Amino acid sequence: MMVEKNIPLQSFNTFRIVAKALTLVRIASQADIVAFLSAPENRTETKFVLGGGSNIVLTGDVKPVVLKVEIKGRRLVQETAKSLIVEAGAGENWHDFVAWTLQHGYPGLENMALIPGTVGASPVQNIGAYGVELQDRFESLDAIDLTTGQIFTLNASQCAFGYRDSIFKHGDKMGLKDRALILRVRFALPKVWKPVLGYADIEKKMEQENCSNPTPQQIFEWVCAIRSAKLPDPNVIGNAGSFFKNPTVTAEQCEDIIARDPKVVHYQLDDGTFKLAAGWLIDTCGWKGKSVGQAGVYEKQALVLVNRGSGTDGNGATGGEVMTLARAIQTSVYERFGIMLETEPVVV
Ligand code: EPU
């Protein structure tokens with residue numbers, strides 16, 4: 001366990017926002033966090049768990065103790081009748097883990113290739129892309145209670161997964177926000193693999209490549225190509241992926257919006273409600289390419305806010321600029337469509 005003071009966080013958040021952690025503790029193993037929590041004052045102190053920093057907006061220096069999770073390890077733990085159970089340490093890079101599963105012949109995560117962040121953060125917001133969500137492949141996780149030091153295991157229903165949501169995002173009595181640190185996550189990957197197709201971008205690739213029966217590796221490569229074409233690489237231009245959730249509306253609300261603008265991109269869900277493409281709503285309000293200070297709306301995908309000054313040390317967007325831009329977008333979408341967009345990243 002390493003305790004450091006006044007540590008710059010610019011390289012630890014994919015938005016590349018300049019801010020400091022007053023205290024940062026690197027957690028490289030379960031023993032590190034157990035040792036940290038063995039001091040009673042550390043159990044009562046407020047703490048902030050940092051994974052890959054790919055889903056946060058820093059609005060100033062972080063005063064709670066930052067626990068930077070660097071727990072590594074990837075292994076096949078068990079084979080059941082239907083699944084291969086694969087486990088990864090919370091500090092493993094998500095995309096590298098997906099690539100590793102494919103190299104070892106454990107397909108099932110390929111649709112979620114190239115999502116930035118760590119394995120430990122993946123259940124927190126129930127990441128998802130191209131028709132597969134983390135909850136579809138999740139088996140269980142081990143975590144440590146940061147107030148008591150107790151280690152516990154949660155299955156999928158205990159994680160209360162929702163769309164980009166879980167028990168780890170909620171701070172109420174039942175929630176685990178800032179109260180738990182995820183140590184490792186286990187995935188149940190199907191022994192009999194079937195491709196998840198049907199998403200417009202994937203179907204387009206199948207047509208282009210004249211391939212109706214892709215391998216997991218092909219889907220992996222297609223997803224990487226699709227994402228690289230429309231999402232900014234955080235190593236080049238700072239961002240936190242989709243900044244807003246796609247809103248869900250009732251059938252009536254959807255009809256009302258279609259009447260206002262017949263081109264609105266919408267998908268019916270199993271329960272009869274409709275999901276609207278937030279990117280389309282923002283784009284239609286004319287936001288693509290607009291900026292507040294150094295915070296901007298990405299030119300190729302209006303759902304992504306970017307830090308236009310992320311390459312230059314100290315001159316990039318502030319968290320305040322990002323949030324001012326986000327609020328202006330929310331207001332304009334609300335005024336035009338009557339829908340209040342919800343933000344996806346955690347504002348710190
Ligand atoms: N669209 C526009 N203009 C834009 C952006 C999108 O008209 O500026 C339209 C597109 O043409 C398309 C529709 O909106 O018809 C949906 O766009 P896209 O397929 O790019 O997906 P999305 O709904 O914007 C969601 C996830 C992404 C995920 C993709 C693929 C959310 C908030 N976002 O984006 O997840 O990769 O689907 O499954 O659910 C993330 O969460 O960080 C993320 C990148």
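Predicted model: local features only at pLDDT ≥ 70, side-chain atom pairs only at ≥ 80, totals over all residues.
View 1. The backbone of A302 takes part here: one of its polar atoms sits 2.8 Å from an oxygen atom of the ligand. N246 uses its side chain instead, with a polar atom 2.8 Å from a ligand oxygen. Y163 also reaches the ligand through its side chain, where an N or O atom is 2.6 Å from an oxygen atom of the ligand. How much of the ligand does the protein bury? Alone, the ligand exposes 830 Å², and the protein buries 83% of that.

**View 2. The shell around the ligand.** The shell holds 22 residues. Y130, Y163, N246, D283 and A302 come nearest to the ligand. By class, 11 residues of the shell are nonpolar, 5 are polar and 6 are charged.

View 3. Why does the ligand lie between domain 2 and domain 3? Both domains give residues to the shell around the ligand, so the ligand lies between them. Domain 2 covers 74-190, and domain 3 covers 238-347.

**View 4. The second largest pocket.** This pocket has a volume of about 470 Å³. Its lining consists of 20 residues. Which of them lie nearest the centre of the pocket? They are L114, P116, D233, P234 and N235. Two elements, α7 (216-230) and β13 (238-242), each give two or more residues to the lining.

**View 5. Residue classes in the pocket lining.** The lining of the second largest pocket contains 10 polar residues. Another 7 are nonpolar, and 3 are charged.

**View 6. α7 and β13 at both sites.** Helix α7 runs over 216-230 and strand β13 over 238-242. Each gives two or more residues to the lining of the second largest pocket.

Note on methods. Residues numbered from 1 in each chain as written. Heavy atoms only, no water. 1 Å grid on protein atoms, 1.4 Å probe; cavity = no way out; pocket = protein on both sides within 12 Å on 5 of 7 lines; lining within 4 Å. Points joined across faces, edges and corners; volume = space filled by probe spheres on them. Helix = DSSP H or I, 4+ residues; strand = E, 2+ residues; numbered from the N terminus. Nonpolar A, V, L, I, M, F, W, Y, C, P; charged D, E, K, R; others polar. Near = heavy atom within 4 Å. Polar contact = N/O pair within 3.5 Å; in protein donor to acceptor, adjacent residues only side chain to side chain. Areas by Shrake-Rupley, 256 points an atom, 1.4 Å probe, with all protein chains shown as cover. Domains from an automatic or database assignment.
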